[in-house]
Amino acid sequence: MKVLANDGVSQSGIDALEKAGFEVSTTTVAQEQLQNYINDNDITVLLVRSATTVRKDIIDNCPNLKIIGRGGVGMDNIDVAYAREKGLHVINTPAASSGSVAELVFAHLYGSVRFLHDSNRNMPLEGESKFKNLKKAYAGGVELRGKTLGIIGIGRIGQATAKIALGVGMKVIVFDPFIENVDITLDFYDGQNITFPIKTVSKEEVLKNADFITLHVPAQKEYVIGKPEFELMKEGSGIINAARGGVIDEVALVDALESKKLAFAGLDTFESEPTPAIKILMQNKISLTPHIGAATAEAQDRIGEELADQIISILK
């Protein structure tokens with residue numbers, strides 16, 4: 001049986017699949033050629049990340065396809081319900097990248113409160129001639145310890161983010177429409193652990209009281225954070241989106257930054273991805289990464305191995 005990992009898969013995942021007798025291809029096939037490639041090469045398993053979409057046309061016209069796998073959490077690029085209705089297995093790896101995304105959230109937070117995103121743009125240009133000016137410009141940083149982190153969405157990634165925040169010494173407040181209580185357990189290197197029980201509160205309470213807000217929600221039909229929500233947030237607060245593009249109104253975000261309502265934003269996902277708006281890319285108060293939340297070697301190994309385990313379990 002043949003597996004096409006159209007957006008790539010880790011070598012550990014390939015090794016596990018090949019050991020079980022699968023033939024694995026990591027050829028990247030253009031979206032418009034994907035249907036023909038699957039049929040011409042008798043592909044049984046299609047693995048994707050966020051770049052490839054699997055819609056009804058592929059599901060209806062690729063009769064040999066038995067499994068669609070998403071390396072990661074969100075499956076908004078797959079017609080999941082329709083595929084399952086047609087008898088296909090749809091799998092993903094919801095836990096594999098939680099820690100990696102959480103660490104990226106804090107990379108954006110730490111970088112933003114110390115102006116690293118802007119300093120790294122300007123030091124190569126003006127560091128030699130305007131060192132003292134830049135030193136003064138970036139001298140008003142703040143510490144995360146003792147601040148309040150508001151988490152919107154306390155699923156696996158939200159919980160992983162909460163663990164780092166608590167370890168840093170932050171207060172954590174949480175909104176999630178589907179969860180009332182959650183226990184966050186911090187495991188330390190020497191086997192000790194401590195559990196923090198957290199009761200979720202209203203979205204309004206999070207917006208009003210958090211120094212920084214991070215989003216961990218699936219794709220939505222409407223904005224989770226738009227102009228009304230920005231108006232509720234603290235003056236000089238910051239926001240991070242490493243979840244999905246389109247959950248923040250980016251026009252309202254730029255307005256909030258330009259009016260100094262917000263001090264900064266960190267974006268790993270974008271409303272018009274993969275071609276982010278130029279106003280977002282050029283805004284010097286935004287820390288930018290190109291959707292790399294799960295892009296660590298460790299996370300990719302976990303993703304590949306978990307996908308392999310599920311495929312082998314289903315087909316072997």
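1. Lining of the largest cavity. In this predicted model, the largest cavity is lined by Gly8, Val9, Ser10, Leu47, Val48, Arg49, Gly71, Gln300, Ile303, Gly304 and Leu307. Its volume is about 50 Å³. Strand E3 (43–48) and helix H13 (297–315) each supply at least two residues of this lining. H13 gives the most, with four residues. By class, the lining has five nonpolar, five polar and one charged residues.

2. Second largest pocket. About 280 Å³ of space lies in the second largest pocket. The lining has 17 residues, and Ser112, Val113, Phe115, Ala263 and Phe264 lie nearest the centre of the pocket. H5, helix H6 (116–126) and strand E12 (262–267) are the elements that give two or more residues to this lining. Six of the lining residues are nonpolar, seven polar and four charged.

3. Helix H8. H8 covers residues 156–168, 13 residues in all. From first C-alpha to last it reaches 19 Å, close to the 18 Å expected at 1.5 Å a residue. Which residues of H8 are buried? They are Ile157, Gly158, Ala160, Thr161, Ala162, Ala165, Leu166 and Val168. The cover over these buried residues includes helix H5 (98–113) and strand E6 (148–152). It also includes strands E7 (171–175), E8 (181–187), E9 (193–199) and E10 (212–215). Just after H8, Gly169 takes a positive phi of about 100°.

4. Side chains of opposite charge can pair when their charged atoms come close. The model has seven salt bridges by count. In one of the seven, Lys208 pairs with Glu204, with the closest N and O atoms 2.8 Å apart. Both residues lie in helix H9 (residues 203–209). They are four residues apart, about one turn of the helix. Lys208 is partly exposed, with a relative accessible area of 41%. Glu204 is also partly exposed, at 43% relative accessibility.

5. Salt bridge between Lys234 and Asp211. The two side chains meet at 2.9 Å, N to O. Lys234 lies in the loop between helix H10 (227–232) and strand E11 (237–241), and Asp211 in the loop between H9 and E10, so the pair ties together parts that are 23 residues apart in sequence. Are the two partners buried or exposed? Lys234 counts as partly exposed, at 31% relative accessibility. Asp211 has a relative accessible area of 17%. Residues under 20% count as buried, so Asp211 is buried.

6. Salt bridge between Glu235 and Lys261. Here the closest N and O atoms are 3.5 Å apart. Glu235 lies in the loop between H10 and E11, and Lys261 in the loop between helix H11 (250–258) and E12, so this pair ties together parts that are 26 residues apart in sequence. Glu235 is exposed, at 61% relative accessibility. Lys261 is buried, with a relative accessible area of 14%.

7. Thr52. This residue lies in the loop between E3 and helix H3 (56–61). At 3% relative accessibility, Thr52 counts as buried. What is Thr52 in contact with, leaving aside its neighbours within four places in sequence? The contacts are Asn6, Asp7, Gln31, Leu34 and Asn77. Asn133 is 81 residues from Thr52 in sequence and 46 Å from it in space, C-alpha to C-alpha.

Note on methods: Residues numbered from 1 in each chain as written. Predicted model: local features only at pLDDT ≥ 70, side-chain atom pairs only at ≥ 80, totals over all residues. Heavy atoms only, no water. Expected span 1.5 Å × (residues − 1). Buried < 20%, exposed > 50% of the residue type's maximum accessible area, 1.4 Å probe, protein only. Contact = heavy atoms within 4.5 Å. 1 Å grid on protein atoms, 1.4 Å probe; cavity = no way out; pocket = protein on both sides within 12 Å on 5 of 7 lines; lining within 4 Å. Points joined across faces, edges and corners; volume = space filled by probe spheres on them. Nonpolar A, V, L, I, M, F, W, Y, C, P; charged D, E, K, R; others polar. Salt bridge = Lys/Arg side-chain N within 4 Å of Asp/Glu carboxyl O.
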